[in-house]
Amino acid sequence: MEIAVGFFVIAALGAFPVIALVVQVYRDSRGKKRNLAMRCYACDSNGYLFPVPHYKGDTFLYCLSCVESQHKSRRVLGYVAVVVIAAVLVGWVVLSQG
Ligand SMILES: [Zn+2]
């Protein structure tokens, strides 16, 4: 039973980066089209845009409200990373005891 739970945790964690990558590729292609039309990468509004560097080295344009929510979501991603690492450790402990 514990092994099944640990296996499920690890399988779910393995699927997470794949889903995140697919979402990122989709958002990138959508956002690039918006930026070419001088619109916000995230919300498609055409106010004053600020350049925001992405982790891959590309820079995209965001409106002010999206720059602010970007900072917030980065903080949330930090918490998510902590939770994911904790879940990996729990899954590993459960598996190593089984
Ligand atoms: Zn925006």
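Analyst: A residue is called buried when its relative accessible area is under 20%, exposed when that area is over 50%, and partly exposed in between. The model discussed here is predicted.

User: Why is arginine 34 called buried?

Analyst: The relative accessible area of arginine 34 is 16%. The cut-off for buried is under 20%, so arginine 34, at 16%, is buried.

User: Arginine 34 forms a salt bridge with aspartate 44. How do you know that this is a salt bridge?

Analyst: The closest N and O atoms of arginine 34 and aspartate 44 are 3.8 Å apart. A salt bridge needs a side-chain nitrogen of Lys or Arg within 4 Å of a carboxyl oxygen of Asp or Glu. The 3.8 Å between arginine 34 and aspartate 44 meets that limit, so the pair counts as a salt bridge. The pair links distant parts of the chain: arginine 34 belongs to helix α1, aspartate 44 to the loop between α1 and β1, and they are 10 residues apart.

User: How many salt bridges does a search of the whole structure find?

Analyst: The search finds one.

User: Does aspartate 44 count as buried, exposed or partly exposed, and what makes it so?

Analyst: Aspartate 44 has 32% relative accessibility. Buried would need under 20% and exposed over 50%, so aspartate 44, at 32%, is partly exposed.

User: What is the phi of aspartate 44?

Analyst: The phi of aspartate 44 is positive, about 70 degrees, although this residue is not a glycine. Most residues other than glycine have a negative phi.

User: Which loop holds methionine 38, and what is the phi of this residue?

Analyst: Methionine 38 lies in the loop between α1 (2–36) and β1 (49–53). Its phi is positive too, about 55 degrees, and methionine 38 is not a glycine.

User: Where is glutamine 24 found, and what makes it buried?

Analyst: Glutamine 24 is in helix α1. Its relative accessible area is 17%. Buried means under 20%, so glutamine 24 is buried. Apart from neighbours within four places in sequence, glutamine 24 is in contact with Tyr41, His54, Tyr55 and Lys56.

User: Which residues does leucine 13 touch?

Analyst: Leucine 13, which lies in helix α1, touches Val84, Ala87 and Val88, if residues up to four places away in sequence are not counted. The C-alpha atoms of leucine 13 and glycine 47 are separated by 38 Å, and these two residues are 34 apart along the chain.

User: How many helices and strands does the protein chain have, and in what order do the elements run?

Analyst: There are two helices and two strands. From the N terminus on, the order is α-β-β-α.

User: How do you know that the protein chain is more spread out than a compact globule?

Analyst: The radius of gyration of the protein chain is 18 Å, whereas the globule rule gives 13 Å for 98 residues. The radius is well over the rule's value, so the chain is more spread out than a compact globule. Along its principal axes, the C-alpha trace spans about 55 × 20 × 20 Å.

User: How many positive and negative side chains does the protein chain have?

Analyst: It has 10 positive and 5 negative side chains, and the centres of the two sets lie 7 Å apart.

Definitions and conventions: Residues numbered from 1 in each chain as written. Predicted model: local features only at pLDDT ≥ 70, side-chain atom pairs only at ≥ 80, totals over all residues. Heavy atoms only, no water. Helix = DSSP H or I, 4+ residues; strand = E, 2+ residues; numbered from the N terminus. Rg over C-alpha atoms; globule rule 2.2 N^0.38 Å. Lys, Arg positive; Asp, Glu negative; His and termini not counted. Charge placed at Lys NZ, Arg CZ, Asp CG, Glu CD. Contact = heavy atoms within 4.5 Å. Buried < 20%, exposed > 50% of the residue type's maximum accessible area, 1.4 Å probe, protein only.
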